[in-house]
Amino acid sequence: MKAIAALCLVSAAQIAHAGTNEDSFDEIVVVANRAPEPLSKVGNSVTVLNDDAIRQSQEVVVAELLAQTPGISFTRTGGVGQPTSVFIRGAESDQTVVVIDGVQLNDPSTTGGGFDFARLLTSDVSRIEILRGAQSTLYGSQAIGGVINIQTAEPKGPLGGGVTAEGGSNNTGYITSNLGGKDDSLLWRLSGNWYGSSGIPAFDERYGGTRLSASQIGGGSGQLRYDLTPDLQVDVRGYYTQSRTDFDGYDTPNAKPPFSFGDDNEYGKTSQMLGYAGLTLKSPDRTLTNRVAFQYTNTETRLFDPNAPANLGSPSTETFYGIGRNTREEYQGTWEITPRIQAVFGAQHERSTIDTDSPAFDYSGPMPLRNFATIDSGYAQLQGEVITGLTLTAGGRYDKHDVYGGRSTGQFAAAWALNDSHTVLRASFGQGFKAPSLYQLYSNYGNKALQPELANSWDAGVEQHGWDGRLVLSATYFNLESRDLIEFFDCTTPHPLCATEPFGSYANIARASARGVELQAAVNPSDQLTLSANYTYTDAQDRSFGSPTRGNELPRRPKSAANASAAYRWLSRWSTSVGARYAGRSFDDAANQIALGGYVLVDLKISYTLGDRIELYGRVDNATGKHYETAYLYGTYGRVAFAGVRAAF
């Protein structure tokens, strides 16, 4: 508790920036209602990271940036580029919806069908909106823990661009570039990025790991928006990333005991692409906006083990490939019924496909899994300011899955701005669901009788502004109850499913709960000094009836987490900050037998501006060299340092 108290003196600088340097009540967000609304009218729990906050953080990886906000933790099995899971309010990592430039991105080829944050860099990200709590009413399947809405940058003038170059520890290099422009009717932008590092051992050095797991990540994005008429607009966007990453495994050469985890020669290649094409039509009086769009995502992962032929007796070194695709056709309408009442409604058709196999294990020939599923959805939500300052929101959704049938969800939220908008009370109730993944339905262990995972969540809180806008305090209580969670049943004990699947099967057999509090504070004692803090307590438990793990903590989710930062802008062109991130003890396994110790990481940052267009910056992460784990046996960074330059034109 002493560590927590110390950390709560200060917090992540970006939260302070959003909360004090701008009036957060007037901050416009999209994630809560799928339409722009000021935060003062949003009853859900939302955190915003704007362009300034992202740039000042100097973070390269989105997951590490998200972990500095309330209610979020992450785990990574090694260095940058290794599989990365993000947890919101104790929910599973595949129970989070990730949206990039309006496109929902997940990977249907994985076991749970979730999104892997391993390759998501901050390079062209200009804004992140984080909604905490179930919101399947507007976002459909997987929106149990929350929604992360990511927006890439847009040009600000007729022609402009920028370049960033950074280097540092572990032979790390990082380069980004962008070019774009806009006029009265046309907006366009192109960007590219590359990250490379010799890395650290994925198998923790403390346990004997020596082989460096190198990673390279590259990609780019583009967008084109053109006003065909004052009322009709066409919008095209694209995003692409590819990577190659070394990793360690369990079929390590000369391992003792055999097939134990350790240094290995395995590596993986992943490519990810998303595309969006939309047409927006506004009514002459601008009260009704109609949008039709097509979304496409493709994620392809291939894993290789040069030792596979010797270890497995197979002619192939490809141990796995997975290709997951999504296509979505959607319509959304936004209707301003009156200046105080707004409706959002829409319909969507989604088709997901899986193509996966393990060639190195196909001794008798290829045995690929290829299948698909569709979901048809419709939703509507109404928001209105019923009396001055009090905004109520209610909505419902119906989804029809071609395997398990239909499911309805709903949500309600209230925001009450009081005291001349210096105080806002918020409360929300939301339902979430997660459709069974294609692997859980159709693999050798699949079960076509599966039903969706279900959840109810609610939260309530207060936000208070004072000291002429220099001070912001907030507190929120949250509760999440999940049921019909899908887990693998291994048939070690008798069960009706074992009659047809003697080697095990997926089944709706688990329950979980998560409850806790989120506290935030931000203060600007002067124009130069920014202090802020956030602390989250999350009690996430297994609540499965009859399970030997009932009452245990859910794996890799610390009960206590906090962030802290103090930033100072000197009267010269220098800026400095010190930050810390605290995570309490957690467990790596469901049985709660393998403990992951708590830790505090301290980061130091400095920057210097040369005119209005060039900035030099540097940072030291984990300045004390603290050893820690977010996953058992997997390595993490010690003390590392980086320096870079940003230039705009």
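**A walk through the predicted chain**

Let me begin with the surface: the accessible surface of the chain comes to about 26500 Å², and 57% of that belongs to carbon and sulfur atoms, with areas taken by the Shrake-Rupley method with a 1.4 Å probe, where for residues only the protein chains shown count as cover. Please keep in mind that this is a predicted model, in which local features need pLDDT of at least 70 and side-chain atom pairs count only at pLDDT 80 or more, while totals for chains, interfaces and linings use all residues. Residues are numbered from 1 along each chain as its sequence is written, and side-chain values use heavy atoms, with hydrogens and water left out.

Now the overall build. The chain has seven helices and 33 strands, where helices (H or I, at least four residues) and strands (E, at least two) are DSSP runs numbered from the N terminus. The radius of gyration is 24 Å, close to the 26 Å that the globule rule gives for 649 residues, so the chain is as compact as a globular protein of that length; here the radius is taken over C-alpha atoms, and the rule is 2.2 Å times the number of residues to the power 0.38. Along the principal axes, the C-alpha atoms fill a box of roughly 70 × 55 × 50 Å. Of the 649 residues, 58% count as buried, meaning under 20% relative accessible area, whereas exposed means over 50% and partly exposed lies in between (1.4 Å probe, protein chains only). Among contacts with a separation of 6 or more, 62% come from residues 24 or more positions apart, a contact being heavy atoms within 4.5 Å.

Leaving out residues up to four places away in sequence, I148 touches L66, V86, I88, T96, V97, V98, V99, F117, I128, E129 and I130.

Strands β23 (residues 453-466) and β24 (residues 471-489) pair in the antiparallel sense over 13 bridges, pairing being called when DSSP finds at least two bridges between strands. In this pair, A455 stands opposite S482 of β24. The hairpin has four residues between the strands, and there W467 takes a positive phi near 55°. On to β25 (residues 505-523), which runs antiparallel to β24 and is joined to it by 17 bridges, with A475 opposite L519 in β25.

As background, most residues other than glycine have a negative phi. R89, in the loop between β5 (84-88) and β6 (96-100), has a positive phi near 50°. Is R89 buried or exposed? At 4% relative accessibility, R89 counts as buried. N171, in the loop between β10 (160-168) and β11 (172-182), has a positive phi of about 55°, and at 64% relative accessibility N171 counts as exposed.

Finally, R211 sits in the loop between β12 (186-200) and β13 (213-229), and its side chain reaches the backbone oxygen of E266 at 3.4 Å.

Key:
Polar contact = N/O pair within 3.5 Å; in protein donor to acceptor, adjacent residues only side chain to side chain.
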